[in-house]
Amino acid sequence: DLGLQEDRVYVPTDSGPTVARLFVPQRTGYELPDSFDGLLVVTEDERRRGVAFEPTGVRLYEALERSLVGEPADEPGALGAQLADGVVETFELAASATVDTDRSGGGIAIAVDGAAYGDLGRPDHPIVSLLATGLAVGLDRPVRATIEETDRADALVVCRWDDIGE
């Protein structure tokens with residue numbers, strides 16, 4: 001009814017009750033709004049409109065962070081590996097999750113097999129949400145998550161931070 005796009009952008013927050021918000025823009029040529037205070041994001045600039053809510057991955061990321069020995073990694077590939085390990089070993093959300101770092105430095109892809117809760121393309125799927133939320137918070141930058149088909153796994157979760165409307 002709101003005419004929202006398919007893009008899912010996980011944005012770290014500096015304040016508030018949650019470490020990240022999931023922003024779903026209304027327009028294709030969107031820009032990230034300055035604030036994600038409410039569910040409906042309505043600004044004078046139509047490119048910054050959409051909805052924002054607490055992603056499923058926030059609570060999972062917080063639990064994973066508590067279970068780590070030491071701090072979360074600050075390098076994308078290492079952080080992605082910690083998150084993928086959490087998906088498989090800590091939460092048993094998938095049978096396997098393998099990280100492939102993007103050589104351009106603007107994202108990573110995680111090949112997922114045997115997802116416990118069905119289609120990863122569903123909005124804010126727990127696996128996708130944990131991976132994107134963890135990367136957004138860990139790298140302190142917005143992360144756009146998409147799902148791609150691949151021959152080597154059931155699905156490929158692609159998390160990018162270099163092509164986000166700002």
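**Close-up 1. Strand 2 and strand 4 in the predicted model.** Strand 2 and strand 4, the latter formed by residues 50-53, run antiparallel and are joined by 4 bridges.

**Close-up 2. Strand 2 and strand 1.** Strand 2 also pairs with strand 1, which comprises residues 9-12. The pairing is antiparallel and extends over 4 bridges. Pro 12 has Ala 20 of strand 2 as its bridge partner.

**Close-up 3. The side chains of strand 2.** In a regular strand, side chains alternate between the two faces of the sheet. Ala 20, Leu 22 and Val 24 point one way from strand 2. Arg 21, Phe 23 and Pro 25 point the other way. Residues on both sides are buried, and strand 2 is mostly covered, with 6 of its 6 residues buried.

Close-up 4. Asp 34 counts as exposed because its relative accessibility is 76%, and the cut-off for exposed is over 50%. The side chain of Asp 34 is joined to that of Arg 48 by a polar contact of 3.5 Å.

**Close-up 5. Asp 34 and Glu 149.** These two residues are separated by 115 residues in sequence. In space, the distance from the C-alpha of Asp 34 to the C-alpha of Glu 149 is 33 Å.

Definitions and conventions
Residues are numbered from 1 along each chain as its sequence is written. This is a predicted model: local features need pLDDT of at least 70, side-chain atom pairs count only at pLDDT 80 or more; totals for chains, interfaces and linings use all residues. Side-chain values use heavy atoms; hydrogens and water are left out. Buried means under 20% relative accessible area, exposed over 50%, partly exposed in between (1.4 Å probe, protein chains only). A polar contact is a pair of N or O atoms within 3.5 Å; within protein, one must be able to donate a hydrogen and the other to accept it, and residues adjacent in sequence count only if both atoms are side-chain atoms. Helices (H or I, at least four residues) and strands (E, at least two) are DSSP runs, numbered from the N terminus. Two strands pair if DSSP finds at least two bridges between them.
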